[in-house]
Each structure stands twice: as structure tokens, then as C-alpha cells.
Amino acid sequence: MTFSVLDAMHMAQALRLAEQGLYTTQPNPRVGCVIAHGERVVGQGWHQRAGEPHAEVYALREAGADARGATAYVTLEPCAHHGRTPPCADALIAARVGRVVIAAEDPFPQVAGQGIARLRAAGIAVESGLMRDAAREVNIGFFSRIERHRPWVRVKLAMSLDGRTALSNGESKWITGEAARMDVQRWRARSSAILTGIGTVLADNPQLTVRLDRDPGHAYTPMRVILDRHLRTPAGSHVLDGQTPTLVLHAASGMPDERFARVECIAIAEQNDALDLHAVLALLAGRGCSELHVEAGPTLCGALFAAGVADELLIYMAPLLLGDTARPLLALPPLADMAARWKLNVLDSRAVGQDLRLRLRPAI
């Protein structure tokens with residue numbers, strides 16, 4: 001299917017609009033919409049928060065009567081079911097748009113082609129696939145949750161130039177500078193949940209909350225998830241304060257006591273003397289978790305990577321050295337030869353203050 005330069009221009013704007021919901025739409029996908037007659041844009045909008053109007057509705061409101069005969073550019077297939085809001089496909093039909101261009105089809109079972117079918121049944125020309133990869137990237141967690149039944153797992157790590165994450169005694173504050181730490185807050189803010197293990201809780205007593213210099217439009221509050229197999233989290237730990245929704249996952253043999261009164265505890269199956277990571281991810285997906293942000297030690301991060309469920313590494317490299325007795329980046333099983341080495345693709349490399357941020361994904 002061939003799209004024009006004008007189509008690409010309007011869809012690029014729709015994608016920019018979708019990104020405005022990066023921190024606010026959980027658990028819904030981020031969606032943008034532009035309505036235009038040729039070069040003239042008559043309406044545009046983006047989905048802002050779950051339970052509020054979708055992108056198409058905002059764009060149609062702005063367009064008014066000018067929507068008739070126009071082309072609507074939408075980054076995700078318009079919904080065809082009644083959820084918290086009415087079907088957007090019906091709204092486009094009622095506005096009598098002439099054409100709808102869709103970036104990515106919606107895999108959600110209650111949509112999954114039904115939006116496109118409803119539009120075509122009403123005599124509206126529908127074309128899809130324009131900037132599909134970019135549209136899927138904006139909602140990479142949503143597509144992972146629906147298609148793979150687990151969240152997109154992003155593992156954040158901070159390390160020295162010699163690949164160390166903490167001194168041998170566990171001290172790690174601070175390897176990176178203030179700019180890098182603030183950048184991490186933005187990655188936390190776009191996530192559905194923040195996960196750590198009991199080792200990090202015992203060593204650092206982390207808050208695992210989002211602390212931004214400004215609120216990007218009533219940001220969603222990510223849930224905290226603690227893997228605590230034997231329920232060792234001490235009383236008084238920040239993660240037990242009840243200020244943020246928190247889920248403590250433990251072995252079936254554990255019995256939560258009064259320490260856990262302000263959080264939710266769930267028993268998880270075990271595998272190889274540890275909590276079953278696949279079961280953890282399935283549970284989180286079932287709760288609407290799309291992007292899972294991991295901040296943990298080398299054992300848990302290494303286990304996620306070795307299990308093949310670490311989809312992305314977010315590594316901050318500081319210009320300092322910690323020495324060969326300091327703790328490693330990831331605890332991984334030994335390799336028999338170089339042919340077995342783990343290969344990564346670099347998505348992005350940039351300076352953040354004095355540190356270097358690398359975004360990497362396992363090579364397929």
C-alpha cells in the first residue's frame with residue numbers, strides 16, 4: 001500500500017500527539033489522532049487518561065462539521081467496543097469522515113480488526129500500516145501485554161567504566177550523577193510497575209517512587225513489586241509504608257504478618273529455588289502491567305536476562321572505576337566459549353550529564 005508524503009506528515013504529528021500520553025494513560029495505550037482535508041488540519045487530539053475520551057473524540061470535537069469528508073489519521077485502530085467510553089469507530093462514522101489511515105492494528109481481542117471492519121462496513125475507506133513500527137514502539141508494553149501475555153521488561157542498571165554496580169560491601173550511592181538519576185525518574189514514570197528484589201530492599205531500603213521536578217499532566221503512579229520469597233522485608237521499610245500501591249510476591253510457604261498490613265501479598269510458584277519469573281510476569285500482565293521497570297541487584301537482573309525475559313537494558317555508565325572486588329553488572333552463568341556470548345543491539349547512546357546512557361536490546 002502506497003501512502004503520500006502528506007499522509008506521512010499527518011501521521012508523524014499523530015504520533016507526536018500520542019507521546020504526550022507517555023506518562024498518563026496507563027493501563028490504556030497512548031494514541032494520537034489528526035483530522036485533515038489535504039494539508040489543512042481541522043482537528044487533533046490525544047488520549048490523556050484512562051476513563052477519559054479517546055484521541056479520536058478530542059480530534060472530532062475540534063474539527064466539528066469540518067470532519068465530514070476528511071481523512072482521520074490514528075496511531076492505533078479505533079476501538080469497536082463499549083469500555084469506559086463508547087466506540088471510537090462509531091464516532092468516526094457519525095462524523096462522516098471519508099477516509100481513515102491507521103498506523104497499527106489493535107491486538108486487543110475486543111477490537112482486533114473489528115474497528116476496521118465497522119468503518120469499512122459504513123463505506124469509509126480504511127488503510128493501515130503507515131509508520132506501524134513507530135506506532136508499536138510508542139506502545140511497546142501494551143503490545144507485549146496483549147500479544148505475549150507479559151509486560152515489556154526494562155532493566156535499569158548503573159555501572160562504573162569497569163562494569164561494577166556497587167562496592168563489595170554493597171554501597172552504591174551514588175555511582176551516577178544527578179542528571180542521570182533524574183532521567184531514571186522519567187523512565188519510572190512511564191512504567192506500569194517498578195520491580196526489585198529483597199536483596200535491594202535489605203541493602204538500600206529504596207522508595208521506588210516517581211520523583212519528578214514537575215508533574216507531566218497528572219502522571220500515573222507505578223505499582224511497586226517486591227520479590228521477597230521468604231518475607232524478609234523489615235518493618236519500617238519504605239516499600240511497606242502504604243503510600244504507593246505495593247505488591248509483595250512470596251513463596252507459598254510464607255505467611256505474611258502485621259508488617260505487610262498496608263500492602264498486598266500474593267504467593268507465587270517457585271522454580272529452581274527461586275520465584276518463577278514467568279509466573280511473576282504473567283500475574284503482572286493480568287493486572288494490566290504493560291511496561292515493567294526493574295531496579296535490582298545483579299542476581300535478579302541476571303536471572304531475568306538469563307531467562308530471556310529482559311527485553312531492554314537501560315544502562316548508565318559513570319566515568320569512574322570501582323575495582324575488581326566490586327559487584328558485577330549481572331550474575332550470569334559461565335560460558336563454555338565465545339560462540340555462546342550474549343549479543344546486544346544498541347538502540348541509543350547519549351550523554352546524560354557526565355554519564356553515558358545506553359539503551360540495548362538482546363539481538364534476535
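**Close-up views of a predicted model**

**View 1. The β15–β16 hairpin and its turn.** Strands β15 and β16 form a hairpin with 2 residues between them. Within the turn, G353 adopts a positive phi of about 65°. This geometry, like every feature shown here, belongs to a predicted model.

View 2. Strand β15 spans residues 344-352 and strand β16 spans residues 355-362. The two run antiparallel and are joined by 8 bridges.

**View 3. The largest cavity.** The count of cavities of 30 Å³ or more comes to 2, and the largest has a volume of about 60 Å³. Its lining includes the run Q26, P27, N28, P29 and R30. N139, G141, F142, S290 and E291 also line this cavity. By residue class, the lining of the largest cavity comprises 3 nonpolar, 5 polar and 2 charged residues.

**View 4. The second largest cavity.** A volume of about 40 Å³ is computed for the second largest cavity. The residues that line this cavity are L195, L227, L277, V280, L281, L292 and L304. Helix α9 (residues 277-286) provides the largest share of this lining, with 3 residues. The lining of the second largest cavity divides into 7 nonpolar residues, no polar and no charged, whereas that of the largest cavity has 5 polar and 2 charged residues beside its 3 nonpolar ones.

Methods:
Residues are numbered from 1 along each chain as its sequence is written. This is a predicted model: local features need pLDDT of at least 70, side-chain atom pairs count only at pLDDT 80 or more; totals for chains, interfaces and linings use all residues. Side-chain values use heavy atoms; hydrogens and water are left out. On a 1 Å grid over the protein atoms alone, a cavity is a set of points where a 1.4 Å probe fits but cannot get out, and a pocket is an open set with protein on both sides within 12 Å along at least five of seven lines; lining residues have an atom within 4 Å of a point. Grid points are joined across faces, edges and corners, and a volume is the space filled by probe spheres set on the points. Ala, Val, Leu, Ile, Met, Phe, Trp, Tyr, Cys and Pro count as nonpolar, Asp, Glu, Lys and Arg as charged, and the others, Gly among them, as polar. Helices (H or I, at least four residues) and strands (E, at least two) are DSSP runs, numbered from the N terminus. Two strands pair if DSSP finds at least two bridges between them.
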